[in-house]
Amino acid sequence: LEFGSAFHLALTEPEKYAEQYAVFNGDRRTNAGKAAYQELIDAGRQIIRQDDADTIERMREAVYRYPRLVDALQHGQHEQVLTWQDAHTKAPCKMRLDTIHNNVVFDWKTTDDASPMAFRYSVKKYRYHVQNAFYMHGLAENGIHINAFYFVAIEKNAPHGVGIYELPHEAINEEMQAYEANLATYMRCLSSGKWNGYEPKVLDW
């Protein structure tokens, strides 16, 4: 999670990345190393390893091979927060757009495999299709019309392939009901104070 957050910030807001993160190459077993490390912590910096910093830079370079993505990163709006109340469940909703530019949303994802087959698996595993539907609804509720919603998958391993995907409208429309059901469950648990999990008993395997 920390690596993904660091890369995301380095990609969309490199100035903030430089301010918030620092590479520590010292030896924390020595007094000098401990002092240097603590100085960075006291300054509010988040520490990342040198190899992670190098990987982040190579991944940024891979993204910058795509002119359309460069245009969005350089001229788009990043980290825009939108809020609304769901009309059906009355649930308070909130989302943070990675990047929006010229009425197109770009959602950046780090991954081990950005191939079409692997991304289909990621969509199901991490419910990207539900996220897509939720975001589309939130945008509409805020009066924002978009022309496209792209997931941009960037591989963490060299040569850091980049895949750009747009989910079919049929799949997004179907998942509207899925996230509405999730919101209904949330509101039911919130009002009852009961957050159900698995049954507290031994289950047969």
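Modeller: Two strands are taken to pair if DSSP finds at least two bridges between them, and in this predicted model strands E3 and E4 form a hairpin with six residues between them.

Colleague: What makes E3 and E4 a pair, and in which sense do they run?

Modeller: Eight bridges join E3 to E4, where at least two are required, so the two strands count as paired; they run antiparallel. As one example of the partnering, glutamine 77 has isoleucine 100 in E4 as its bridge partner. In the turn of the hairpin, lysine 90 has a positive phi of about 65°.

Colleague: Why is the contact between glutamate 79 and arginine 96 called a salt bridge?

Modeller: The closest N and O atoms of glutamate 79 and arginine 96 are 3.8 Å apart, and the cut-off for such a pair of side-chain atoms is within 4 Å, so the pair qualifies as a salt bridge. Glutamate 79 lies in strand E3 and arginine 96 in strand E4, so this bridge ties together parts that are 17 residues apart in sequence.

Colleague: What makes glutamate 57 and arginine 60 a salt bridge, and how are the two placed in helix H4?

Modeller: Their side chains meet at 3.4 Å, N to O, which is within the 4 Å cut-off. Glutamate 57 and arginine 60 are three residues apart in helix H4 (residues 50–63), so about one helical turn separates them. Glutamate 57 is partly exposed because its relative accessibility is 35%, while arginine 60, at 17%, counts as buried.

Colleague: How many salt bridges does a search of the whole structure find?

Modeller: The search finds seven. Among the salt bridges is the one between the side chains of aspartate 107 and lysine 109, which meet at 3.0 Å, N to O. Aspartate 107, with a relative accessible area of 2%, is buried, and lysine 109 counts as buried at 16%. Elsewhere, Arg49, Asp51 and Asp52 are linked in a network of salt bridges.

Colleague: Why is threonine 111 called buried, and what does its side chain reach?

Modeller: Threonine 111 lies in strand E5, and its relative accessible area of 13% falls under the 20% limit, so it is called buried. The side chain of threonine 111 reaches the backbone oxygen of aspartate 113 at 3.2 Å. Leaving aside neighbours within four places in sequence, threonine 111 is in contact with Ser122, Ala153, Ile154, Glu155 and Lys156.

Colleague: How do you know that helix H7 is mostly covered, and what does it pack against?

Modeller: Of the 14 residues in H7, 11 are buried, including Tyr128, Val130, Phe134, Tyr135 and Leu139. The buried residues of H7 pack against E3, E4, strand E5 (104–111), H6, E6 and H8. H7 reaches 20 Å from its first C-alpha to its last, close to the 20 Å expected at 1.5 Å a residue, and just after the helix glycine 143 takes a positive phi of about 70°.

Colleague: Which residues touch the most other members of the largest nonpolar core?

Modeller: That core has 26 residues, and Met95, Leu97, Val105, Phe119, Phe134 and Leu139 touch the most other members. At least two residues each come from strands E3 (77–85), E4 (92–101) and E6 (148–155) and from helices H6 (116–126), H7 (128–141) and H8 (169–192). H7 gives the largest share, six residues. Not counting residues up to four places away in sequence, methionine 95 touches Gln80, Val81, Leu82, Trp84, Phe134, Tyr135, Gly138 and Leu139. There is also a second, separate core of 24 residues, which includes Leu11, Tyr21, Val152 and Ile154.

Colleague: What makes cysteine 93 count as buried, and which residues does it touch?

Modeller: Cysteine 93 lies in strand E4 and has 4% relative accessibility, under the 20% limit, so it counts as buried. Beyond its neighbours up to four places away in sequence, cysteine 93 touches Leu82, Thr83, Trp84, Asp86, Phe134 and Leu183. Cysteine 93 and threonine 83 are 10 residues apart in sequence and 5.5 Å apart in space, C-alpha to C-alpha.

Key. Residues are numbered from 1 along each chain as its sequence is written. This is a predicted model: local features need pLDDT of at least 70, side-chain atom pairs count only at pLDDT 80 or more; totals for chains, interfaces and linings use all residues. Side-chain values use heavy atoms; hydrogens and water are left out. A nonpolar core is a set of buried Ala, Val, Leu, Ile, Met, Phe, Trp, Tyr and Cys residues joined through side-chain atoms within 4.5 Å. Buried means under 20% relative accessible area, exposed over 50%, partly exposed in between (1.4 Å probe, protein chains only). Helices (H or I, at least four residues) and strands (E, at least two) are DSSP runs, numbered from the N terminus. Contact means heavy atoms within 4.5 Å. The expected span of a helix is 1.5 Å times one less than its number of residues. A polar contact is a pair of N or O atoms within 3.5 Å; within protein, one must be able to donate a hydrogen and the other to accept it, and residues adjacent in sequence count only if both atoms are side-chain atoms.
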